[in-house]
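Welcome! Let us take a walk through this structure together, one stop at a time.

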Amino acid sequence: MEALKKSVHSPFVIILLNLALGFALYGILITESLVSIGLIIAFIALVLFLERYGIVNEVFDAYNDNKVVALISGLLVILAVPVSLKGNIYIAHISTIAVLYAIACLGLNFQMGSTDMTNFAPAAFMGLGAYSVGVATSKFGLSPWVGLLAGIFVTGIFGFMVGLPTLKTKGYYLSLVTMAIQIAFTQLMNTIRYVGGSDGMSGLTKYSLFGYDLYKRYTFFGIRFAPQVPFLIVCVLFLIAFAYISMRVYHVSYGLSLNAIAQDEIAANCLGINISRQKLFAFVIGSIFCGVAGSLMVGLEGYVGPKSYDFAKSLLLICMVILGGMDNTIGIIVGAVFLSIITEKLRDFADYQQLVYGLLLVVLLIVRPNGILPRRVRKYKNLIRRNAGGKQVEVSTEPTA
Amino acid sequence: MKKYSFIVSALMIVVVLLSAAVPAFAAPDVVTLGFLAPITGACSAEGSAARNAFMMAIDEANASGEYPYTINVIVIDDQSDPTVGAAGAQKIVSDPTVVAATGHWNSGVAAATSPVFMENEIPFLIWGAIREDLTSEKTYPWVTRSAPTDVQENKPLAKTVIDDLGYTKIFMVSTTDSYGSGNTVAFKKELASRGLEPVGVEEVQSETVDFNAIVTKIVSSGAEAVYWGGVNTEGVYLKEQLYNAKADVLFFGISGIKTDDFLIIGKEAAEGTFAVQPGVRLDSSEAGRKFIEDYESRGFDVAINAYTPYAYEAATILLQALKTLGDDPTPEKMVDAIAKGTFHGVMGETTFDEIGQTTLVAVNLNVIQDGQWVYYEDSEYASGVRKFGGKE
Amino acid sequence: MNFFTSLVFSAILLGCTYTLVAIGYCLFFGVLDVVVFCSGDIAIFGAFSIISAYVMLYDLGLFQVLPIAVTTMIILAVAALLCALLSILTYRVSIKPFERSSALMPLLSTIALGTVIREFLGLLFRPLLMTITGPITRVADPINITSGRNPQAMPKLIAPNSSIDVRNYIIIAVTFLIILLLFLFLNKTKMGLSMQAISQNKELAYMNGINVRKTINITFVIGGIMLAIGGFLLGSYQSVVRFDTGSLYGSKGFSAAVVGGLKSIWGAIIGGMLLGFVEVFVSGLIPGGTQYQNIIAFLVVIVFIVFKPEGILGEKVIEKV
């Protein structure tokens with residue numbers, strides 16, 4: 001094990017690891033229901049096993065140390081996966097959904113993971129983003145990209161408004177407020193005829209870039225790609241951008257102060273952290289992430305309706321964040337991708353889909369309450385090295401609940 | 001780790017055991033049909049009955065040996081959720097052996113999935129979603145519908161209740177979902193064309209269970225009849241609570257309540273409920289009687305609903321279209337075979353008009369008498385022995 | 001009854017059903033500081049157990065032998081027992097493993113468990129009942145058992161032969177009797193007092209020799225029984241139960257509990273009644289207002305929490321570092 005620990009720091013091992021992860025993802029996507037779920041469970045078991053020997057943490061450190069190699073090979077692998085799907089429409093479709101959920105989960109994490117404020121309304125924010133695109137394209141004939149910008153604006157403002165009560169409430173009270181907002185959102189959308197009521201709006205314009213439709217069958221090198229593939233690549237680029245933003249926020253003082261609020265609000269306040277500003281920041285940026293995910297969802301389905309953004313969808317997003325690992329950007333993406341795939345692959349159980357899904361969740365929560373890749377210990381290596389001669393200082397940001 | 005290893009292994013065992021329930025992978029030489037319905041969720045009773053009927057027809061066809069290939073079915077549970085339905089539709093179209101699909105009980109889901117089938121050029125037959133705009137010139141010939149629309153259902157209902165029975169003070173209650181709001185619009189139009197106004201209109205969110213406030217409103221509004229434009233899931237609560245409040249009204253509604261599950265509230269509470277059902281009387285034809293017999297002999301745990309025969313009919317249409325294509329059916333051939341063909345099923349003869357809507361528009365009227373649904377013409381209400389509520 | 005009084009009457013009845021679930025939330029929250037989100041589903045499970053027990057007793061022919069009061073008691077006892085067991089199971093599976101982790105985990109875990117309970121009822125209710133009592137198509141006298149996903153008729157156990165008004169009076173009376181009994185239990189018995197002690201300060205209670213484990217278990221048993229009665233009254237009030245109504249019912253009960261102040265039983269009553277009145281009056285007094293009744297009810301909840309976060313009867317907690 002010690003040898004393994006040392007070897008992960010070599011750039012070649014990192015490239016190999018990235019390739020292996022890419023193949024694992026491809027395998028999980030492409031295989032039939034049970035094999036796929038078996039692979040996911042095996043992957044989780046492997047992570048659990050390796051973590052016991054501290055290898056998972058070592059891998060993260062290794063990636064940090066060899067940033068350039070890890071990034072370039074990782075990017076190549078991630079972009080290779082959509083291309084490898086070729087003509088497989090269904091897999092391309094669920095991959096896109098998984099990527100979009102991952103973006104929304106990153107947004108939700110600002111509130112739930114970093115600041116420990118439970119938000120039960122991420123689906124409502126996704127819905128707002130989606131409705132913005134729907135209204136912009138079908139009512140005003142604008143480009144969906146304009147709708148996406150409008151969505152960012154609307155969800156930002158709405159996030160600010162939802163954030164306001166959080167200044168006064170916390171814990172269960174906050175979760176009830178957001179829960180009420182979520183249920184009221186779905187029911188309200190059901191009654192507004194302008195946006196199609198419960199029928200929603202269908203046949204909406206999909207995204208295009210430089211005159212090329214993003215949702216269309218293209219043929220390259222004799223391979224006829226699934227119509228979702230170009231859009232999937234764009235969504236992956238969005239995900240990478242948002243993941244970068246989340247990581248930056250996590251590492252700068254904003255992320256640290258959000259963690260401080262999660263641990264002890266009063267102590268954080270005494271340390272001079274502007275609690276209201278930070279909480280509102282977490283809500284606004286999180287809502288915008290969710291809104292963008294929702295706006296992009298329209299480009300995949302060409303449809304927006306209240307039933308797609310209901311309470312159950314919020315719960316799904318929350319489960320993704322918790323299962324992936326709160327406040328760990330990579331973990332959240334893994335959680336979102338796994339759970340989206342599991343729900344789709346469970347389709348073959350028909351009647352038992354929901355039951356199996358519920359059981360899986362109950363068991364996974366017991367087995368792994370901290371998520372697949374839990375919150376990591378913050379390391380201020382470089383900072384400390386300068387001052388204290390290379391000694392590492394570890395700051396735990398585990399909430400002391 | 002040791003602590004959890006048993007849970008992990010238990011989970012593995014569960015997964016392996018459940019794998020027994022998964023249908024076998026497609027063998028070569030198969031032709032695949034897609035079937036979409038809400039098998040779980042709030043509309044699951046309707047969806048699973050339809051699934052049973054559809055599978056029954058396919059099983060019969062496979063057993064008959066009349067087809068030179070095995071007919072395989074991909075059953076997709078849309079959970080009444082458009083996103084889930086759209087993903088399921090992608091699963092169907094990504095299978096290269098699929099030649100046609102049929103689906104949906106919820107109009108909202110059908111609106112989300114029909115573009116998927118159109119852009120992948122798979123013919124799509126709607127068996128149970130009744131919103132009018134689902135079939136149009138734009139969707140023809142890829143989307144066809146064997147069920148009547150909400151307008152086609154409300155017209156004969158309005159004719160009987162308003163013109164024949166003479167009810168004028170009608171209170172309308174319906175759900176805000178696609179089905180309910182479509183019915184509200186359609187029935188209001190019927191009232192308006194006769195110069196009438198409803199004495200009250202209420203819309204409820206789906207899954208509402210408490211109607212007592214509405215019942216109080218109905219009683220105080222002096223309505224003679226209550227129109228229910230929704231499904232059994234909520235309608236059964238409204239009828240029961242109307243009965244409990246001793247409201248003297250005629251309760252009549254759209255095909256969504258024409259199910260045996262409506263009878264659970266008991267003989268007295270359900271008595272005199274009046275509902276329209278699409279299609280011809282099943283007991284009027286040999287095929288219809290055989291369908292009821294077959295379905296009941298299989299011991300499914302959900303009873304036949306208003307649209308169950310339509311799912312069976314959809315299977316019949318697809319099967320007969322397949323038969324005309326011989327050994328090698330493709331989606332391109334199927335679309336013409338469906339849109340231009342003539343089919344004979346339990347409902348009678350089906351053809352599709354220039355927007356893909358069935359030309360077979362038949363409805364029958366039903367009433368609950370002594371805890372049973374009976375055809376209105378056969379009932380004691382038609383012969384004048386019993387009287388509906390709300391009228392002297 | 002005129003229009004207005006019958007509205008008030010409906011509101012009180014609806015409020016009663018919310019109150020019982022809200023009390024369930026209060027009890028659980030009191031001793032453990034967790035929100036058991038599947039409470040609504042446990043209540044619906046209780047209603048389904050009543051139906052099952054009814055069918056079984058009918059099959060055994062006990063209705064001909066015993067007076068209705070006795071059979072009703074047996075049925076209720078069976079349902080209460082099953083709900084208490086389910087409630088203990090909830091504690092073991094979804095709450096106890098997360099004692100040391102964030103408060104969010106039990107919330108989520110109970111939500112997941114709620115899905116399991118719901119789907120279990122929807123899928124297995126009829127098959128299970130059939131294996132116990134043999135083929136049931138349309139046997140039991142006034143009720144028919146259909147597949148679990150369909151609405152189920154609730155047997156009329158309260159005053160079956162009298163009018164609905166009498167039945168409703170009894171429902172209100174039973175609710176208040178139950179609340180009174182619970183109040184007496186909490187204030188006059190040793191176990192009730194230990195519960196209150198744990199609710200105020202767990203460590204201190206432990207140091208004073210209170211068996212915390214045992215008290216928690218008993219709280220869950222009592223909570224389960226309360227929820228079974230809640231399901232029974234809800235079913236009797238609506239005459240029809242459906243397997244999937246538990247989650248909305250649960251979130252309404254939770255709202256009622258929070259509006260009242262999560263730890264206060266009286267608060268739960270006020271919160272439940274408030275919600276009942278808001279819903280019924282929005283639906284009854286505004287033309288076409290029914291579609292907005294839940295929206296307005298939840299808006300009221302939001303406004304209450306924002307302006308009175310500790311709830312109507314909750315204590316204001318002053319936080320110290």
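Which residues of strand 1 of chain B are buried on one side, and which on the other? This is a predicted model, and in it Val30(B), Thr32(B), Gly34(B) and Leu36(B) are buried on one side of the strand, while Val31(B), Leu33(B), Phe35(B) and Ala37(B) are buried on the other. Buried here means under 20% relative accessible area. Eight of the eight residues of strand 1 of chain B, residues 30-37, are buried, so the strand is largely enclosed by the rest of the structure.

Who are the partners of this strand? Strand 1 of chain B runs parallel to strand 2 of chain B (residues 70-77), and eight bridges join the two. If you look for Thr32(B), you will find Asn72(B) as its bridge partner in strand 2 of chain B. Strand 1 of chain B also pairs with strand 3 of chain B (residues 98-103), again in the parallel sense, over five bridges. There, Gly34(B) has Ala101(B) as its bridge partner.

Follow chain B past strand 3 and you come to the loop between that strand and helix 4 (107-119), where His104(B) is found. The phi of His104(B) is near 80°, a positive value in a residue other than glycine. His104(B) has a relative accessible area of 0%, so it is buried.

Chain B also has an open sheet of seven strands, in the order 7-6-8-9-10-13-14, with mixed pairing. Strand 7 (200-204) and strand 14 (372-375) of chain B stand at the edges with a single partner strand each, so one side of each has no neighbour in the sheet. From one strand to the next, the twist averages 25°. Helix 8 of chain B (residues 232-244) lies across strands 6, 8 and 9 of chain B, and runs at about 165° to strand 8.

Now for the helices of chain A. Two packed helices are described by the angle between their axes and the distance between the axes. Helix 14 (residues 311-324) and helix 15 (residues 329-345) of chain A pack at about 125°, with axes 7 Å apart, and are therefore oblique to each other. Their crossing is right-handed. Among the residues that meet are Leu316(A) and Met320(A) from helix 14 of chain A and Ile332(A) and Leu339(A) from helix 15 of chain A. The residues of this contact divide into eight nonpolar, five polar and no charged.

Elsewhere in chain A, Asp116(A) lies in the loop between helix 6 (89-114) and helix 7 (122-138). Asp116(A) has a positive phi of about 60° although it is not a glycine, and at 32% relative accessibility it counts as partly exposed.

Our last stop is chain C. Helix 6 (residues 164-188) and helix 9 (residues 212-238) of chain C have axes that come within 10 Å and cross at roughly 170°, so the two helices are roughly antiparallel to each other. The contact includes Ile171(C), Val174(C) and Phe185(C) of helix 6 of chain C, together with Met226(C), Leu233(C) and Tyr237(C) of helix 9 of chain C. The contact residues divide into ten nonpolar, three polar and no charged.

Terms used: Residues numbered from 1 in each chain as written. Chains lettered and ligands numbered in written order. Predicted model: local features only at pLDDT ≥ 70, side-chain atom pairs only at ≥ 80, totals over all residues. Heavy atoms only, no water. Axes fitted to C-alpha atoms, helices over the stretch in contact; angles between N-to-C directions. Helix = DSSP H or I, 4+ residues; strand = E, 2+ residues; numbered from the N terminus. Parallel < 35°, antiparallel > 145°, perpendicular 65-115°, else oblique. Left-handed = near helix turned anticlockwise from the far one by under 90°. Contact = heavy atoms within 4.5 Å. Nonpolar A, V, L, I, M, F, W, Y, C, P; charged D, E, K, R; others polar. Pairing = 2+ DSSP bridges. Buried < 20%, exposed > 50% of the residue type's maximum accessible area, 1.4 Å probe, protein only.
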